[in-house]
Amino acid sequence: MVTKAQRFMAAVIRIFIRGANSKLSVSGLGAGVQSSLGAALLKLSPSCNARTKTQRRHASHFTFHPDPVRTQYGPTQKMNLFQSVTSALDNTLASDPTAVIFGEDVAFGGVFRCTVGLRDKYGKDRVFNTPLCEQGIVGFGIGVAVAGATAIAEIQFADYIFPAFDQIVNEAAKYRYRSGNLFDCGNLTIRAPWGCVGHGSLYHSQSPEAFFAHCPGLKIVIPRGPVQAKGLLLSCIADNNPCIFFEPKILYRAAVEQVPVEAYTTPLSQAEVLQEGSDVTLVAWGTQVHVMREVANMAQEKLGLSCELIDLQTILPWDIETVCKVRETHTRCTKTAA
Ligand SMILES: *[C@@H]1O[C@H](CO)[C@@H](O)[C@H](O)[C@H]1NC(C)=O
């Protein structure tokens with residue numbers, strides 16, 4: 001049982017941490033952070049400072065394997081995942097004059113630096129901060145999208161998306177259905193840093209996609225690296241349905257790839273077969289794709305098992321066809337999952 005006192009303490013700690021966040025926005029992240037709480041928060045991004053052994057012990061183990069370089073979209077640049085997100089947002093603001101980006105601290109670049117430079121480049125009317133109120137951020141985003149603009153909302157951590165659950169599930173997802181196709185907020189995209197880094201505790205570690213994965217009217221997308229992040233985010237922004245784009249925050253800095261500079265899209269609801277195999281099919285998304293690769297290698301080495309590896313990429317609506325087609329090659333496949 002959670003006592004009233006515990007709940008109060010949790011609320012105080014949350015406000016305290018978020019207070020530290022707002023202070024950061026005043027002093028600027030690059031300018032040296034005085035607050036130790038702010039510094040603690042910064043440590044959430046894996047490349048910041050050395051982490052202690054205790055902290056590392058709780059992090060999932062994986063090695064990021066970059067994808068082969070793709071040249072079909074023109075020149076590429078070395079980018080980590082947060083830079084590929086910035087690049088996608090930059091492309092969108094440049095090509096779509098109605099596009100706006102808003103959320104907590106996005107104007108100064110956001111706690112994970114995904115919107116760095118965009119306010120200066122496109123102006124404070126297009127990249128702006130909101131109050132610390134997720135319900136308000138999503139509610140506002142729905143209105144902006146219904147009014148005809150491209151709305152890109154940031155929830156500072158996926159763990160804080162729950163105050164907006166009603167706006168997302170009851171309003172955004174059902175707007176078209178409720179109005180008999182007269183209105184929709186399909187041009188709303190919600191971005192949120194997602195998943196554990198190993199020392200973020202309960203308000204900075206969660207993977208809440210399952211709570212949204214059973215809600216018709218939404219699309220839920222999670223990339224495994226920078227190249228996928230940019231292509232999938234641009235697909236979410238272009239898609240005619242409200243999308244939630246969860247960004248694996250441990251990969252923000254740890255994952256580096258050659259990413260096309262120009263805009264390109266990676267289709268939604270299309271899983272990618274990363275490795276063919278004949279004994280067992282493994283399906284994962286986001287950070288766990290890299291853990292899954294290591295598991296597959298271990299299974300091959302230690303048990304002689306050949307694993308088929310699938311990156312699901314879109315959680316809703318997921319690519320049943322690819323997963324089932326692959327599974328049909330195995331002797332005991334059934335389509336019950338569909
Ligand atoms: C969404 O954006 C597209 C492309 O910019 C536009 O054609 C469409 O009218 C927008 N939808 C709404 C409901 O405004």
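Which residues are around the ligand? They are Ala-145, Gly-148, Asp-184 and Asn-187, where a residue is near a molecule if one of its heavy atoms lies within 4 Å of it. The model is predicted, so local features need pLDDT of at least 70 and side-chain atom pairs count only at pLDDT 80 or more, while totals for chains, interfaces and linings use all residues. Residues are numbered from 1 along each chain as its sequence is written, and side-chain values use heavy atoms, with hydrogens and water left out.

**Ligand site**

- The shell around the ligand holds 1 nonpolar, 2 polar and 1 charged residues; in this scheme Ala, Val, Leu, Ile, Met, Phe, Trp, Tyr, Cys and Pro are nonpolar, Asp, Glu, Lys and Arg are charged, and the others, Gly among them, are polar.
- The side chain of Asn-187 has an N or O atom 2.3 Å from an oxygen atom of the ligand.
- Taken alone, the ligand exposes 360 Å², and the protein buries 44% of that (Shrake-Rupley method, 1.4 Å probe; for residues, only the protein chains shown count as cover).

**Lys-249**

- Lys-249 sits in the loop between strand 7 (243-248) and helix 11 (251-254); helices (H or I, at least four residues) and strands (E, at least two) are DSSP runs numbered from the N terminus.
- Lys-249 is buried, a term for under 20% relative accessible area, with exposed meaning over 50% and partly exposed in between (1.4 Å probe, protein chains only).
- Lys-249 has no salt bridge, defined as a side-chain nitrogen of Lys or Arg within 4 Å of a carboxyl oxygen of Asp or Glu.
- The nearest side chain of opposite charge to Lys-249 is Asp-159, 4.4 Å away; Lys and Arg count as positive and Asp and Glu as negative, while His and the chain ends are not counted.
- The Lys-249 side chain reaches two backbone oxygens, that of Gly-195 at 2.4 Å and that of His-204 at 3.1 Å.
- Such a polar contact is a pair of N or O atoms within 3.5 Å; within protein, one must be able to donate a hydrogen and the other to accept it, and residues adjacent in sequence count only if both atoms are side-chain atoms.

**Backbone geometry**

- The peptide bond from Leu-316 to Pro-317 is cis, with omega near -10°, and Pro-317 lies in the loop between strand 12 (314-316) and helix 13 (320-328).
- Asn-181, in the loop between helix 8 (175-178) and strand 5 (188-194), has a positive phi near 70° without being a glycine; Asn-181 is exposed, at 56% relative accessible area.
- Ser-201, also not a glycine, has a positive phi of about 60°; Ser-201 lies in the loop between strand 5 and helix 9 (209-212) and counts as exposed at 51% relative accessibility.
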